[in-house]
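Here is a friendly walk through one protein model, written for someone who likes to know the cut-offs behind the words. Have the viewer open and follow along.

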Amino acid sequence: MAVERVYQAGDLVGVLTTEPLGRSLDYKAPEGGCGDGDFVEVPLGPRRVIGVVWGPGDGKFDPARVRSVYRVLDAAPMRAELRTFLTRAAEYTLTPMAAMLRLATRAPGLGDPPSMKKTYVLGSVIPNQMTEARFRVVEALRRFGSAPVTLGELAEEAGCGPSVVKGLVKLGVVLEQDAPRDLPYPPLNPVTNTRLAGDQVAAGDALVALVAQGGYSGTLLKGVTGSGKTEVYLEAVAECLRKGRQALVLLPEISLTADFLMRVQARFGARPAEWHSGVTMTERRRLWRMVGQGEASFVVGARSALFLPFRDLGLIVVDEEHDTSYKQEEGVFYNARDMAVLRAAIVGAPIVLASATPCLETWANVEAGKYGRLDLGARFGAAELPDMQAIDMRSQKLASNAWISPKLAAEIKVRIERKEQSLLFLNRRGFAPITLCRACGHQVGCEDCDARMVEHRFLNRLQCHQCGATKPIPTECPACKVEGKMAPVGPGVERLAEEVTALFPDARVAVLSSDLFGSARALKEQIVAIAEGAADIIIGTQIVAKGHNFPLLTLVGVIDADLGLQGSDLRAAERTFQLMRQVAGRAGRADKPGTALLQTFQPEHPVIRAILGGDEEAFWRAEATERRMAGVPPYGRMAGIILSSPDVAQVFDFGAELARRDGPLRKIGAQVYGPAPAPVARVRGRHRVRLLIKAEKTAPLQAAIAEWVGQFKLPNNLRLSIDIDPQSFY
């Protein structure tokens with residue numbers, strides 16, 4: 001790490017702000033000086049903005065015009081490791097530094113002085129008269145010891161009104177003090193005994209040893225759903241806390257935090273600090289400040305928690321590391337899993353990637369010896385893995401607007417009679433349905449690409465999102481020539497709920513889809529209610545695949561197991577495999593055995609067979625071979641360019657010009673595909689076009705893209721986004 005420099009009043013310093021200026025700006029250090037990493041308030045035109053001292057000034061500006069820093073903020077300076085992380089993340093993702101700094105300064109009221117609140121402690125005066133209420137206040141303060149408490153907390157504990165406390169303050173019996181509003185988080189007790197069993201013991205010991213030894217290491221913690229991965233990595237967290245360092249656990253969904261927080265509280269005697277969109281602004285400010293001061297030892301958060309200003313980060317855990325929610329696809333395009341590995345390497349801390357179905361990138365890193373691997377084979381306690389079967393939809397008699405097969409409906413009926421829960425899962429990834437023949441299961445694909453063709457309602461045509469080719473929607477199946485059987489596949493969850501209600505009018509139906517809930521808190525409450533038995537049939541999208549524990553759930557029905565199999569997405573097979581395994585893992589997690597039924601038109605498809613057979617290693621090996629042959633991630637490099645403009649001709653013309661002037665990319669042996677319409681071809685009135693770049697694993701892709709894009713001046717209303725390692729083709 002670079003040595004932190006200190007600047008005297010009047011010295012030139014370079015300040016990076018969150019304003020999109022493309023560089024740091026020169027200012028004079030204020031009275032009292034400042035240092036690298038200090039948060040400062042500086043003048044910018046007529047405004048005052050917040051920035052960070054990034055190093056010495058450039059000195060290329062007229063000294064007479066350089067203004068002074070207004071003041072240094074009362075916040076812990078940004079450490080060198082975080083500045084290095086932001087710089088390297090910006091270089092990797094080709095993101096302007098101002099946008100990267102914005103991710104690390106998302107605390108409200110950053111420029112405000114620390115606010116204070118009134119707190120109360122017991123004084124030394126003994127009153128002449130003691131009423132019962134006064135006695136209760138004194139006793140309550142004795143129970144709190146020397147810890148300061150607020151008026152509301154004290155009145156509640158003593159069972160009296162605030163006026164009783166105020167009366168004792170006048171007498172000097174109780175002392176009123178000013179204390180910082182942002183208090184440290186309660187200490188966690190890492191010493192409690194936990195009950196690990198079987199494979200958990202060795203895995204827990206191995207992780208504890210890595211944390212004790214310190215330094216960077218990467219470990220895949222792999223185990224079937226319900227095998228106790230959380231308990232195992234909490235042992236590593238406990239060791240980190242014993243060493244007096246900070247731990248970060250990333251979770252893909254806010255709705256997962258409720259169950260997780262209860263486990264942490266049971267294990268450590270207090271709740272960790274939380275960072276996600278469901279947290280109030282007051283709590284967010286407190287956490288940001290306390291993390292920087294080392295007063296929050298354990299943080300649980302969504303992907304943006306990775307940019308918090310940890311004082312001494314000793315462990316990162318990425319739970320459900322395969323989850324697509326870790327990829328941010330607006331503003332700054334980054335994958336939190338990969339960036340977590342980068343931050344762990346910079347700070348010199350172990351990182352644990354936990355999943356029942358790791359992504360192929362992680363699997364490949366284990367195979368290459370870059371990560372260690374720990375396996376948990378069995379489910380914890382009495383729970384057993386569900387029985388998995390396919391329902392061949394070609395042999396099921398269904399009305400054209402029905403999606404639940406008679407076999408699945410019969411199984412749901414049995415569960416309702418037994419007072420057990422059923423989950424119907426609908427994988428609605430992507431926005432446009434595939435076109436499928438209901439007679440033979442054929443899906444219409446592109447003749448020039450290994451991708452399905454997608455129906456575009458505006459055009460009344462099928463279009464390939466890889467190369468841009470289009471053709472009319474066929475009236476007869478190209479494979480079996482049967483007429484009138486071509487259908488767009490995939491109902492929405494609401495449409496499926498109507499069908500369920502018609503089939504089971506007395507059943508209590510709950511629909512779990514993130515877009516149906518106004519807030520993260522409402523979604524969390526619904527999940528807790530379902531776990532306690534508030535529904536007979538749960539209908540859900542991908543959100544239900546993510547780590548929830550429904551003890552009464554014994555049947556999972558996957559409505560359309562084929563929906564993710566063919567796609568312009570190179571990870572289609574991998575994602576379908578992961579999702580089906582994850583969803584099936586929701587069944588039979590308590591003492592009752594579970595069953596998972598997959599409705600499919602392609603029961604002989606290698607992915608469906610791998611899911612049913614449970615031979616994961618064979619699936620990964622086959623998928624790895626295919627990707628290696630194609631030269632795509634993790635055995636090659638890819639980047640997406642997304643152009644958008646209100647003018648459809650402009651965006652296609654600019655895309656074509658980009659593709660024509662691809663010299664810097666050809667120099668490194670990279671290929672450009674497109675321009676083609678993005679799968680979601682218009683968003684908020686802006687037409688979207690994509691180009692795809694493919695290069696060899698070792699090619700210096702970022703430098704070539706920067707040179708390539710740097711040849712052009714963007715028209716005013718055209719936006720260009722660069723997505724390194726695209727995860728979806730949205």
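**From a helix to a sheet**

Directly after helix 9 comes Gly 294, whose phi is positive, near 80 degrees. Before going on, note that this is a predicted model, in which local features need pLDDT of at least 70, side-chain atom pairs count only at pLDDT 80 or more, and totals for chains, interfaces and linings use all residues. Residues are numbered from 1 along each chain as its sequence is written, and side-chain values use heavy atoms, with hydrogens and water left out.

Helices (H or I, at least four residues) and strands (E, at least two) are DSSP runs, numbered from the N terminus. Helix 9 covers residues 281-293, and its 13 residues should span 18 Å at 1.5 Å a residue; the expected span is 1.5 Å times one less than the number of residues. The end C-alpha atoms of helix 9 are 19 Å apart, which agrees. Among its buried residues are Arg 284, Arg 285, Trp 288 and Met 290, where buried means under 20% relative accessible area, exposed over 50%, and partly exposed in between (1.4 Å probe, protein chains only). The cover over the buried residues of helix 9 includes helix 2 (97-104), strand 11 (246-250) and strand 13 (298-301).

Ser 304 is buried because its relative accessible area is 12%. Leaving aside residues up to four places away in sequence, Ser 304 touches Arg 106, Trp 275 and Tyr 334; contact means heavy atoms within 4.5 Å.

Now turn to an open sheet of six strands, ordered 19-29-28-20-27-26 with parallel pairing. Two strands pair if DSSP finds at least two bridges between them. The edges are strand 19 (387-392) and strand 26 (509-512), each pairing on one side only. From one strand to the next, the twist averages 20 degrees.

Which residues of strand 29 are buried on its two faces? Thr 595, Leu 597 and Gln 599 are buried on one side, and Ala 596, Leu 598 and Thr 600 on the other. Strand 29 pairs with strand 19 over six bridges, and Gln 389 stands opposite Leu 597. Strand 29 also pairs with strand 28 over four bridges, with Leu 598 as the bridge partner of Val 558.

Finally, helix 16 (residues 606-613) lies across strand 19 and strand 29, at about 150 degrees to strand 19. Axes are lines fitted to C-alpha atoms, for helices over the stretch in contact, and angles run from 0 to 180 degrees between N-to-C directions.
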